[in-house]
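Visitor: I would like to learn how to read a few features of a model. Please take them in turn, general idea before the case.

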Amino acid sequence: RVLFQCACCKHIERSKRSKLSTLAPQNVDNLYRSVVRFMMVHVPACEHMPRNLKELSPKASRVVNERGTKKHWVKSAEEIGLRNGADRRSIVYCPPAK
């Protein structure tokens with residue numbers, strides 16, 4: 001199962017981290033939405049994230065409104081080997097054949 005975690009606060013005890021510090025998208029189609037939620041909720045609240053990274057967060061709201069972006073995320077995820085798990089409730093990593 002693939003999980004995504006904030007690199008800036010991953011070393012902090014879980015109970016002391018800001019909300020949504022770890023993402024566990026249920027499938028590749030939800031990856032885009034999960035990352036946007038992370039950008040909108042966790043990034044502004046994370047006390048351990050440098051200011052220059054936080055300043056990138058407002059750009060996420062523009063990404064939400066662009067058409068076709070979700071398709072790009074799904075395609076990109078598949079290109080790097082992310083696939084839906086057999087249960088369709090998780091993402092797994094299957095390295096692309098070379």
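Visitor: How many salt bridges does the structure hold?

Guide: Side chains of opposite charge can pair when their charged atoms come close. A salt bridge here is a side-chain nitrogen of Lys or Arg within 4 Å of a carboxyl oxygen of Asp or Glu. The structure holds one: the side chains of Glu79 and Lys75 meet at 3.7 Å, N to O. This is a predicted model, in which local features need pLDDT of at least 70, side-chain atom pairs count only at pLDDT 80 or more, and totals for chains, interfaces and linings use all residues. Residues are numbered from 1 along each chain as its sequence is written, and side-chain values use heavy atoms, with hydrogens and water left out.

Visitor: Where do Glu79 and Lys75 lie?

Guide: An α-helix has 3.6 residues a turn, so residues three or four places apart point the same way. Both Glu79 and Lys75 belong to helix α4, four residues apart, or about one turn of the helix. Helices (H or I, at least four residues) and strands (E, at least two) are DSSP runs, numbered from the N terminus.

Visitor: How many aromatic pairs does a search of the whole structure find?

Guide: Rings of Phe, Tyr and Trp (its six-membered ring) pair if their centres lie within 6.5 Å; planes under 30 degrees apart count as stacked, over 60 as edge-to-face and the rest as tilted. The search of the whole structure finds one pair. Tyr32 and Trp73 are edge-to-face, 5.8 Å centre to centre with 70° between the planes. The pair links distant parts of the chain, 41 residues apart: Tyr32 is in helix α1 (residues 28-45) and Trp73 in helix α4 (residues 69-79).

Visitor: Is Tyr32 buried or exposed?

Guide: Buried means under 20% relative accessible area, exposed over 50%, partly exposed in between (1.4 Å probe, protein chains only). Tyr32 has 11%, so Tyr32 is buried. Trp73, at 29%, counts as partly exposed. Other buried residues of α1 include Leu31, Val35 and Phe38.

Visitor: Where does α1 bend?

Guide: The bend at a residue is the angle between axes fitted to the seven residues ending there and the seven starting there. In α1 the bend is about 35°, at Met39.

Visitor: What reaches the backbone nitrogen of Asp29 at the start of α1?

Guide: A side-chain oxygen of Asn27 comes to within 3.1 Å of that nitrogen.

How values were computed:
Polar contact = N/O pair within 3.5 Å; in protein donor to acceptor, adjacent residues only side chain to side chain.
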